[in-house]
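Here is a short report on a protein structure. Look at the sequence and the fold, then read on.

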Amino acid sequence: MTLVDIVKEFENIASKQPNINHVGNGDIYTLNSLPNIDYSVFFVTQTNHQQSENTITYNLVLYYIDRLLQDNSNTLEVQSTAILMLGNIINIFNQLNPDAQIDYDVNYTTFTHKFNDYCAGAWADITITTDNELGICGY
């Protein structure tokens, strides 16, 4: 699988989840430029990637974000739902893509943040290793 295959697969899986109404990838702060986001949001960002002779390892951050109530009384519920939704999306990806090995030491970080709206959620740092189809050869 290539990087684009992996990101598109995560977006496809997330778009089929209940209550996820916006999916995207790239810089998470682009959400600030979207005036009318239909929450909840699933977003994929990249960190660094490593290539060895036989494999490529992709490091991604998956986000689940939802809007808070005015009194922030739903913060813990949003964060809990975020962890469950991210875990479910990761598990579905793993089931559908046996050639992509997910490192199941997945770290979740909960947050509150002001985008255009006051939001809460979680992000998951994940590592996916696939075969390096190119190897160390050139074309």
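Does Trp123 count as buried, exposed or partly exposed? Trp123 counts as partly exposed, at 27% relative accessibility. Buried means under 20% relative accessible area, exposed over 50%, and partly exposed in between (1.4 Å probe, protein chains only).

This is a predicted model: local features need pLDDT of at least 70, side-chain atom pairs count only at pLDDT 80 or more, and totals for chains, interfaces and linings use all residues. Residues are numbered from 1 along each chain as its sequence is written, and side-chain values use heavy atoms, with hydrogens and water left out.

**Aromatic pairs**

The structure holds four aromatic pairs. Rings of Phe, Tyr and Trp (its six-membered ring) pair if their centres lie within 6.5 Å; planes under 30 degrees apart count as stacked, over 60 as edge-to-face and the rest as tilted. Two of the pairs are tabulated here.

| Pair | Type | Centre to centre | Between planes |
|---|---|---|---|
| Phe10 and Phe93 | stacked | 4.3 Å | 5° |
| Tyr63 and Trp123 | tilted | 6.0 Å | 55° |

Phe10 lies in helix α1 (residues 3-15) and Phe93 in helix α2 (residues 75-96), 83 residues apart. Helices (H or I, at least four residues) and strands (E, at least two) are DSSP runs, numbered from the N terminus. Phe10 is buried at 0% relative accessibility. Phe93 is buried too, with a relative accessible area of 0%.

Tyr63 sits in strand β3 (residues 55-67) and Trp123 in strand β6, 60 residues apart. Tyr63 is buried, at 14% relative accessible area. Tyr63, Phe111 and Trp123 form one aromatic cluster.

**Strand β6 again**

Asp131 is also found in strand β6 (residues 118-131). Asp131 is exposed, with a relative accessible area of 55%.
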